[in-house]
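Student: I have a chain to go through and would like to work from residues up to packing. Can we take it step by step?

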Amino acid sequence: MKYLLLAGALVFSTAASAQDELVEYCKAALEAQGGNPEGCSCLMENMNENPTLFEELMVIGADGDLEKIYDSASDELIAVLDECKVMGDDE
């Protein structure tokens with residue numbers, strides 16, 4: 001997840017092809033943490049649309065623990081995580 005967060009910082013200054021690479025990093029990080037890698041495209045789209053959510057994720061996601069991120073997230077970020085099914089369908 002640390003790599004996801006660091007790579008995510010580049011989303012705002014990269015071309016679409018580079019963003020595709022970031023989605024792949026996201027997928028690998030979520031898969032390693034037991035999350036849903038299919039939610040990465042949705043997550044990146046939402047982070048691009050709302051930089052404040054991206055900043056929040058950078059702060060609370062520093063250690064890469066998905067459960068801690070979800071537990072510490074604002075209602076708005078939780079809504080995005082749920083919408084993108086980052087934690088999987090059963091969360």
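Tutor: Buried means under 20% relative accessible area, exposed means over 50%, and partly exposed lies in between. Keep in mind that this is a predicted model.

Student: What is the secondary structure of the chain, and in what order do the elements run?
Tutor: The chain has zero strands. Its secondary structure comes to six helices. From the N terminus on, the order of elements is α-α-α-α-α-α.

Student: Is Asn 46 buried or exposed?
Tutor: Asn 46 sits in helix 3, which spans residues 40–49. Its relative accessibility is 13%. The cut-off for buried is under 20%. Asn 46 therefore counts as buried.

Student: Which residues does Asn 46 contact, leaving aside neighbours within four places in sequence?
Tutor: Helix 6 covers residues 75–83. With sequence neighbours within four places left out, the contacts of Asn 46 are Val 80, Glu 83 and Cys 84.

Student: Why do the buried residues of helix 3 line one face of the helix?
Tutor: The buried residues in helix 3 are Cys 40, Leu 43, Met 44, Asn 46 and Met 47. Viewed down the axis of helix 3, they line one face because they fall within an arc of 165°.

Student: What is the corresponding arc for helix 6?
Tutor: In helix 6, the residues Leu 77, Val 80 and Leu 81 are buried. Seen down the axis of helix 6, these buried residues line one face, so the value to quote is the arc that holds them, 100°.

Student: What covers the buried residues of helix 6, and which exposed residues are on the face turned away?
Tutor: The cover over the buried residues of helix 6 includes helix 3, helix 4 and helix 5. On the face of helix 6 turned away from the buried side, the exposed residues are Asp 75 and Glu 83.

Student: Which residues touch the most other members of the largest nonpolar core?
Tutor: Nonpolar side chains tend to be buried together in soluble globular proteins. The largest nonpolar core here holds 22 residues. Helix 2 (16–33), helix 3, helix 4 (51–60), helix 5 (66–72) and helix 6 each supply at least two of its residues. Those that touch the most other members are Leu 43, Met 47, Leu 77 and Leu 81.

Student: Which residues does Leu 81 contact, leaving aside neighbours within four places in sequence?
Tutor: Leu 81 is one of the buried residues of helix 6. With neighbours within four places in sequence set aside, Leu 81 is in contact with Leu 43, Ile 69, Tyr 70 and Val 86.

Student: Is Val 86 buried or exposed, and what does Val 86 touch?
Tutor: Val 86 is in the segment after helix 6. At 2% relative accessibility, Val 86 counts as buried. Not counting residues up to four places away in sequence, Val 86 touches Leu 30, Gly 35, Asn 36, Gly 39, Leu 43 and Leu 81.

Student: What is the phi of Lys 85?
Tutor: Lys 85 follows helix 6 and is partly exposed, with a relative accessible area of 41%. Most residues other than glycine have a negative phi. Lys 85 has a positive phi, near 55°.

Student: Is Val 59 buried or exposed?
Tutor: Val 59 lies in helix 4. Its relative accessibility is 65%, and the cut-off for exposed is over 50%. Val 59 therefore counts as exposed.

Student: Over the chain, what percentage of the residues is buried?
Tutor: The accessible surface comes to about 5100 Å², with 50% of it belonging to carbon and sulfur atoms. Of the 91 residues in the chain, the buried ones make up 44%.

Conventions. Residues numbered from 1 in each chain as written. Predicted model: local features only at pLDDT ≥ 70, side-chain atom pairs only at ≥ 80, totals over all residues. Heavy atoms only, no water. Helix = DSSP H or I, 4+ residues; strand = E, 2+ residues; numbered from the N terminus. Buried < 20%, exposed > 50% of the residue type's maximum accessible area, 1.4 Å probe, protein only. Contact = heavy atoms within 4.5 Å. Arc of directions from axis to C-beta. Areas by Shrake-Rupley, 256 points an atom, 1.4 Å probe, with all protein chains shown as cover. Core = buried A, V, L, I, M, F, W, Y, C linked by side-chain atoms within 4.5 Å.
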